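Please report on the local features of this protein chain.

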Amino acid sequence: MRYAARRLPRHRGPAGWAEILGPGPSFPRLETQVTADVAVVGAGFAGLSAARRVLQHWPQARVVVLDAWRVADGAAGRNSGFMIDLPHDLASEDYAGAGDDRTLTRLNREAIDFARDAVDEYGISPDYFDPVGKVNGAATEAGDAHNRSYAKHLETLGESHERLDAAGMKELTGAAHYRSGLYTPGTVMLQPAGYVRGLAAGLARRAEVYDRSPVLGFARAGRDWVLRTPKGSVTAERVILAVNGHLESFGVAEGRLVQLFLFASMTEELDPQVVGGASRWGVTPSDPMGTTMRRIDTGQGGHRIVTRNCAVVRPGMHPTDRDMGRAARAHARAFAARFPHLTGVRQAQVWGGHLCLSLNGVAHAREIEQGLFSACVQNGLGTARGTLTGIAAADRCCGQPSEIADYFEAEAEPKCLPPQPIATLGANAYLRWKEWRAGDE
């Protein structure tokens, strides 16, 4: 095989967003030999968006989508569901980007519009795509300073925002923990498993979607590519790899990708009267290494609160038992600090989610070689950036003019990482320091 998978996706903990919805649509395993015009590897935000975009360009095309896990049980169903329109650079002090933020904001909004159209076209529940906006919450003076800095940046961009005081934050969240907040209206809050399931089910009316069918490798066979799974194969003229960090597993961009895990917990179902505050909200921390909190209601899987923090770099793409235990303890502390009146509430699920970063913050969305395209390296912004890279890969695959594809192709290659084990030891030490510095945030 020209491109052989050196590892397959693995995940720790239940996919909580999918569990609270119950069983989803059923997709078959690939157990035969099939042919396609375009094969898409990965049924997450990037892969499903790429498949939809291909069918927009070529309505009669035969498109096959393959995923190693059940749809929405993998990385796409393990994020916090923030589809953010504005600059959101996780490597910065206050999210302000270092590049052309106006262009990226406009492209992010194209991704949101693309997703909104898919919700309408496929009849996805509007509860799974809620344009409610989000808040940057600040618990300390340093956090409030980050918010003030970010607000000034938004002013230079001409973007609307609203400052919330401590009383406003308590009214929203039911928590007295926050001293201030910065509300921005353009974020869409997804029920990620519900949205991804709905997108896959809608595509399955016109495409072939197979899950539990990991691609073990692929190679050229004349003008076509042949992709091999455990029990079947796909022969296709064009292939889109929408596998985020697992691009490296196929030997592409080796030594250039940071394989990162973030962790989340979700409570058992709560009495909404006891919690207080609004029934739905999302709070990102003013310090990017702080704690993200989100509250959902019955339309999204029950009255629950989601806590996300803790990061670890694992080049082998598999977090350890120790990582999971550390995250669960950190979540419990963060939850108790915000909701001391909910002592005794059980965290029903704890899980790890795989992210992929590059040192210079670029994606990998380009033609790797003839007929082989990537839609990868989302830099922790998978809902919007994944949608964009999927669109870019599909546009290039179909030979269509595309500002989105041009944007990603103009980016530099991901930078080379320092040699191992220095890269991982240094990265994890830096993350621990950043978490410690974030403190109450």
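β4 and strand β9 (residues 188–190) pair in the antiparallel sense, over two bridges. Helices (H or I, at least four residues) and strands (E, at least two) are DSSP runs, numbered from the N terminus. Two strands count as paired if DSSP finds at least two bridges between them. Met-83 has Val-188 in β9 as its bridge partner.

This is a predicted model: local features need pLDDT of at least 70, side-chain atom pairs count only at pLDDT 80 or more, and totals for chains, interfaces and linings use all residues. Residues are numbered from 1 along each chain as its sequence is written, and side-chain values use heavy atoms, with hydrogens and water left out.

**Strands**

β4 and β9 belong to an open sheet of three strands, in the order β4-β9-β5, with antiparallel pairing. β4 (82–83) and β5 (129–130) stand at the edges, each with a single partner strand, so one side of each is left without a neighbour in the sheet. Strands of a sheet pair through backbone hydrogen bonds, either parallel or antiparallel.

Strand β6 (residues 134–138) has five of its five residues buried, so it is largely enclosed by the rest of the structure. Buried means under 20% relative accessible area, exposed means over 50%, and partly exposed lies in between (1.4 Å probe, protein chains only). Both faces of β6 are covered. Lys-134, Asn-136 and Ala-138 are buried on one side, Val-135 and Gly-137 on the other.

β6 pairs with strand β8 (residues 180–184) in the antiparallel sense, over five bridges. There, Lys-134 stands opposite Thr-184. β6 also pairs with strand β15 (residues 281–285), in the parallel sense, over three bridges. Asn-136 has Thr-284 in β15 as its bridge partner.

**Cysteines**

How many disulfides does a search of the whole structure find? The search finds zero. A disulfide is taken here as a pair of cysteine sulfur atoms within 2.5 Å. Cys-356 is in no disulfide; its nearest cysteine sulfur, that of Cys-376, is 7.9 Å away. Seen from Cys-376, the closest cysteine sulfur is in Cys-356, at 7.9 Å, too far for a bond. Cys-356 is buried, with a relative accessible area of 1%. Cys-376 is buried too, at 0%.

**Trp-58**

Trp-58 is found in the loop between α2 (45–57) and β3 (63–66). Is Trp-58 buried or partly exposed? Trp-58 is partly exposed, because its relative accessible area is 24%. Leaving aside neighbours within four places in sequence, Trp-58 is in contact (heavy atoms within 4.5 Å) with Val-38, Arg-238, Cys-397 and Cys-398. Cys-398 lies 340 residues from Trp-58 along the chain, yet their C-alpha atoms are separated by 7.7 Å.

**The second largest pocket**

The second largest pocket has a volume of about 380 Å³. The search runs on a 1 Å grid over the protein atoms alone. A pocket is an open set of points with protein on both sides within 12 Å along at least five of seven lines, where a cavity is a set of points where a 1.4 Å probe fits but cannot get out. Lining residues have an atom within 4 Å of a point. Grid points are joined across faces, edges and corners, and a volume is the space filled by probe spheres set on the points.

This pocket is lined by 19 residues. Asn-309, Ala-330, Arg-333, Glu-435 and Gly-439 lie nearest its centre. β17 (304–313), α8 (321–338) and α11 (422–438) each supply at least two lining residues. α8 gives the most, with six. The lining divides into seven nonpolar, five polar and seven charged residues. Here Ala, Val, Leu, Ile, Met, Phe, Trp, Tyr, Cys and Pro count as nonpolar, Asp, Glu, Lys and Arg as charged, and the others, Gly among them, as polar.

**Backbone details**

A cis peptide bond joins Gln-420 and Pro-421, with omega about 0°. Pro-421 lies in the loop between α10 (403–409) and α11.
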